Amino acid sequence: MVTIAVTGHMDLADEAVGRIRTDLRELLVGLRDDALVGRSCLARGADTLFAEEILSLGGRLSAIIPSRDYREAMVRPADLAEFDALRDAAAEVVVLPYEHAGHAAYEAANRRLLQGADRLVAVWDGSAPTGRGGGTADTVAAARLAGLAVDIVWPPGAFRSGT
């Protein structure tokens with residue numbers, strides 16, 4: 001069994017999603033073992049694409065929800081059905097003991113994603129940390145510090161929408 005965590009940008013440009021999905025699938029097909037487990041916070045963008053690909057490959061999804069109010073506070077109305085479907089499809093759902101979504105909850109969720117993971121997939125443009133903590137660059141740095149293998153998925157021509 002191989003356990004793969006994901007981190008990545010939420011604001012992927014629509015034009016880049018297809019290429020990112022293709023690269024994610026190719027990477028995951030090459031990494032899967034007899035059993036594939038994917039860990040995701042189910043945020044829009046990279047987390048959602050990853051979770052969908054894990055499930056499409058017959059893998060087991062483990063959802064890490066940063067706070068009790070995450071769905072209400074952070075999931076946009078347009079993304080609710082997708083979030084709910086992925087959460088319901090997850091073999092494991094862990095809701096962290098934070099009442100409200102925020103940087104402390106996100107940092108804790110990222111630490112939980114990495115615990116016991118065999119590697120991290122980062123859908124990441126290589127941008128520097130924001131300094132607020134809990135972001136993609138921070139999670140990549142933490143994984144590398146912990147000695148986890150990190151696979152970067154950022155196809156040529158991919159870009160972020162900035163929203």
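Trainee: How many bridges join strand β2 to β3?

Mentor: Strand β2 (residues 36-40) is joined to β3 by 4 bridges, and the two run parallel. Please keep in mind that this is a predicted model. Within that pairing, Ser-40 stands opposite Ala-63 in β3.

Trainee: And which residue in β4 is the bridge partner of Ile-64?

Mentor: The partner of Ile-64 is Val-94. Strand β4 (residues 92-95) pairs with β3 over 4 bridges, in the parallel sense.

Trainee: What kind of unit do β2, helix α2 and β3 make?

Mentor: Together, β2, helix α2 (residues 46-56) and β3 make a right-handed β-α-β unit.

Trainee: Back to β3 itself. How many of its residues are buried?

Mentor: In strand β3 (residues 60-65), 5 of the 6 residues are buried, so the strand is largely enclosed by the rest of the structure.

Trainee: Take Ser-62, then. Buried or exposed?

Mentor: Ser-62 is in strand β3, and its relative accessible area is 1%, so it is buried. The side chain of Ser-62 is joined to that of Glu-92 by a polar contact of 2.6 Å.

Trainee: What else is Ser-62 in contact with?

Mentor: Leaving aside neighbours within four places in sequence, Ser-62 is in contact with Gly-38, Arg-39, Ser-40 and Glu-92.

Trainee: Let us step back to the sheet. In what order do the strands come?

Mentor: The open sheet has 6 strands in the order β4-β3-β2-β1-β5-β6, with parallel pairing. At its edges stand β4 and β6; each has a single partner strand, so one side of each is left without a neighbour in the sheet. From one strand to the next, the twist averages 20°.

Trainee: How many bridges are there between β5 and β6?

Mentor: Strand β5 (residues 119-123) pairs with β6 over 5 bridges, in the parallel sense. One of the positions to look at is Val-121, whose bridge partner in β6 is Asp-151.

Trainee: Which strands does helix α1 touch?

Mentor: Helix α1 (residues 14-31) packs on the sheet and touches β1 (2-8), β5 and β6. The direction of α1 makes about 150° with that of β6.

Trainee: And where does helix α5 lie?

Mentor: Helix α5 (residues 103-114) lies across β1, β2, β3, β4 and β5, and runs at about 170° to β2.

Trainee: You mentioned Asp-151. Is that one buried or exposed?

Mentor: Asp-151 is buried: its relative accessible area is 16%, and the cut-off for buried is under 20%. Asp-151 sits in strand β6 (residues 149-153).

Trainee: Which side chain does the side chain of Asp-151 make a polar contact with?

Mentor: That partner is Arg-119, at 2.6 Å. Not counting residues up to four places away in sequence, Asp-151 touches Leu-27, Leu-31, Arg-119, Leu-120, Val-121 and Ala-122.

Trainee: New topic: why is α2 described as largely enclosed?

Mentor: The description applies because 8 of the 11 residues of α2 are buried. They are Ala-46, Asp-47, Thr-48, Leu-49, Phe-50, Ala-51, Glu-53 and Ile-54.

Trainee: What covers those buried residues?

Mentor: The cover over the buried residues of α2 includes β1, α1, β2, β3, α4 (80-89) and β5.

Trainee: And what follows α2?

Mentor: Helix α2 is followed by Gly-58, which has a positive phi near 80°.

Trainee: What is phi for Leu-42?

Mentor: Leu-42 has a phi near 65°, a positive value in a residue other than glycine. Most residues other than glycine have a negative phi. Leu-42 is found in the loop between β2 and α2, and it is buried, with a relative accessible area of 3%.

Notes. Residues are numbered from 1 along each chain as its sequence is written. This is a predicted model: local features need pLDDT of at least 70, side-chain atom pairs count only at pLDDT 80 or more; totals for chains, interfaces and linings use all residues. Side-chain values use heavy atoms; hydrogens and water are left out. Buried means under 20% relative accessible area, exposed over 50%, partly exposed in between (1.4 Å probe, protein chains only). A polar contact is a pair of N or O atoms within 3.5 Å; within protein, one must be able to donate a hydrogen and the other to accept it, and residues adjacent in sequence count only if both atoms are side-chain atoms. Contact means heavy atoms within 4.5 Å. Two strands pair if DSSP finds at least two bridges between them. A crossover is right-handed if, with the strands pointing away from the viewer, the path from the first strand over the helix to the second runs clockwise. Axes are lines fitted to C-alpha atoms, for helices over the stretch in contact, and angles run from 0 to 180 degrees between N-to-C directions.
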